[in-house]
Amino acid sequence: MLFVVSTVVFALSRLTGNPVALLLTEYSSEEDKVRLTQELGFDKSLPEQYLIFISNALRGDLGRSIRGERAPALSLVADRFPASAQLAVVTVLVSLLIGVPLGVITAVNKGTWIDAFGRIFALIGQSAPVFWIGIVAMYVLSVQLRWLPSSGYGKPEQFVLPVFALSWFTLAAFVRLTRSSMIESLESEYIKLARIKGLSELKVVWKHALRNSLLPVITYSGIIFGRTIAGVVVVETVFAWPGIGRLAYESVLGRDFPVLQAVVLVVATMFLLINLSVDILYAYIDPRIRYS
Amino acid sequence: MRLGWADTITSAIGLIIIILLLVMAIFANQVAPYDPTAGSLLERLKPPFWQEGGSTAHLLGTDVLGRDTLSRLIHGARTSLTVAMIAILVAGTFGSVLGITAGFLGGWVDVIIMRIADLAFSFPTILLAMVLAVIFGASFANIILVIGLVLWAEYARMARGEALKIKSMDFVALARVAGVSQARIMARHIFPNVASALIVLATLQVGVVIILESSLSFLGVGMPPPTPAWGSMIAEGRSYVVTAWWLSLVPGVAILLTVLAFNLLGDTLTELMNPSSHREA
């Protein structure tokens, strides 16, 4: 997977014919062009370039930024990575903690106004772009009411707005998934049995039914996490959050291809690891998987 | 299968919004009061009519370059819906052909196609769009390419699942006995039975595409300016949040309503398709 992504990125970067043209402006001198072509190895044949790219990448060398002090691309990404990871993890946690219980409550109260409210709440979250929710929340809560800082990173209160913008969308997915699988669980035989055994309704719903309803939630959490990452890229640009999303955005503006490429590879690696851990978690929660 | 009154009302609202949007998009040139790309700097940053200083000449005010917000909004509907339709048509066609082939033929063809689909699922879409924008420059074709690359996998998955179910049915076996070629069985017998599920998926995906397109335009890697697009309108208004909040608010409401409408309709269609998912309602 990672190999494919890196090959795709490599292929894309060479598609234009002359990648040097990507890095230089039309005002660069001919001399600069020749020097940069040699420095970056673009005077060699394509297969050779590809081997060099892969072997460098394996050693953690993804080239250097073309801006500023020309820092190594990978270390730029590494510097910005923690901020993004924090944002993504807090978002997914908040979404799980609100989304799953809300899904359970709407399923238990199916057909009532509580259900209707929960579903509309989830629908709005899935229908509004995260960056727009972010801007509106910023306008209301920090420009008008002055309750929260409008942007920046570091203090706990600076997490509130970006996490709010991101988690509405993410938790909507958790509400919908939990609701539909809870409805299915609540109609099953083992729940009838649990009720006949005289277990309290609280225990039946929150322990027996929920445990079995979490499977689809976990299956999809990899995809949901992926969408969260996409949201993180956009939200970081709204709130001046110093993460890899903002780095990617800055790289696009500055046409800094090596850094953008490093961001893509790092994010793809994360996807891989997350999907792997979802598979492991899945086997842990559902004992049936072990036998097959 | 009968719908509850709540579902009937919500899907009717969704349908009405969608029809209005389509009319707006198709007749954008006639409906819009001004040229969406021409502005007058004398009339820049005018507030909407309900605000102090606003007038009915520009119902929703004007942007930094003095362009009429309402006109840009109406033409923006055309941009969003065009992108959504073409992207879904392209992705849907590729995805369903590959999915039906995978499900019907099985074996290594199935393994290879679904592996690639898994890959497409986990590719960071927005970053890919950024890469393409840096290499080729922002363009309409890029957007379709990027969105299509991600979307086809979902059609492939669904078409494969449906094809697996249908393939073991008697009428397919009969067609085989009658000597119908494999390609013909897929096109004439499997596809018509998969089509309705695919149409529901397409309805639900219009919302996904519109959000994706607006995110790309917001980041400056979607529709190149001065094309009116809701995402870039929000981005342009962002710097004026304190003084002219409506610039970002209005196009966002447009996105919200549009996506909501397609989601409401799609949800109802899903329930009509799978009565089992909603047995007691």
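Let's start with the contact of H1(B) with H10(B). From H1(B), the residues are Asp7(B), Thr10(B), Ser11(B), Ile13(B), Gly14(B), Leu15(B), Ile17(B), Ile18(B) and Leu21(B). They meet Leu257(B), Thr258(B), Ala261(B), Phe262(B), Leu264(B), Leu265(B), Thr268(B) and Glu271(B) in H10(B). By class, this contact has 10 nonpolar, 5 polar and 2 charged residues. Keep in mind that this is a predicted model.

Now the geometry. H1(B) covers residues 5-26, and its axis lies 8 Å from that of H10(B). The packing angle is about 135°. As for handedness, the two helices cross in a left-handed sense.

Next, the contact between the chains. How many residues does each chain give? Chain A gives 42 residues and chain B gives 36 residues. On the chain B side, these helices each supply at least two residues: H4 (107-121), H5 (125-136), H8 (182-218), H9 (230-238) and H10 (246-273). So much for the helices; now the composition. The side of chain B that touches chain A has 25 nonpolar residues, 10 polar and 1 charged.

Last, one helix in chain A. H5(A) runs over residues 73-108, which is 36 residues. From first C-alpha to last, H5(A) reaches 51 Å. The expected figure is 52 Å at 1.5 Å a residue, and the helix comes close to that. Where does H5(A) bend? The bend is at Phe81(A), by about 40°. A proline follows within four residues, namely Pro82(A).

Key. Residues are numbered from 1 along each chain as its sequence is written. Chains are lettered from A and ligands numbered from 1 in the order in which they are written. This is a predicted model: local features need pLDDT of at least 70, side-chain atom pairs count only at pLDDT 80 or more; totals for chains, interfaces and linings use all residues. Two residues are in contact if their C-beta atoms, placed from the backbone, lie within 7 Å. Ala, Val, Leu, Ile, Met, Phe, Trp, Tyr, Cys and Pro count as nonpolar, Asp, Glu, Lys and Arg as charged, and the others, Gly among them, as polar. The expected span of a helix is 1.5 Å times one less than its number of residues. The bend at a residue is the angle between axes fitted to the seven residues ending there and the seven starting there. Axes are lines fitted to C-alpha atoms, for helices over the stretch in contact, and angles run from 0 to 180 degrees between N-to-C directions. A crossing is left-handed if the near helix is turned anticlockwise from the far one by less than a right angle, and right-handed if clockwise.
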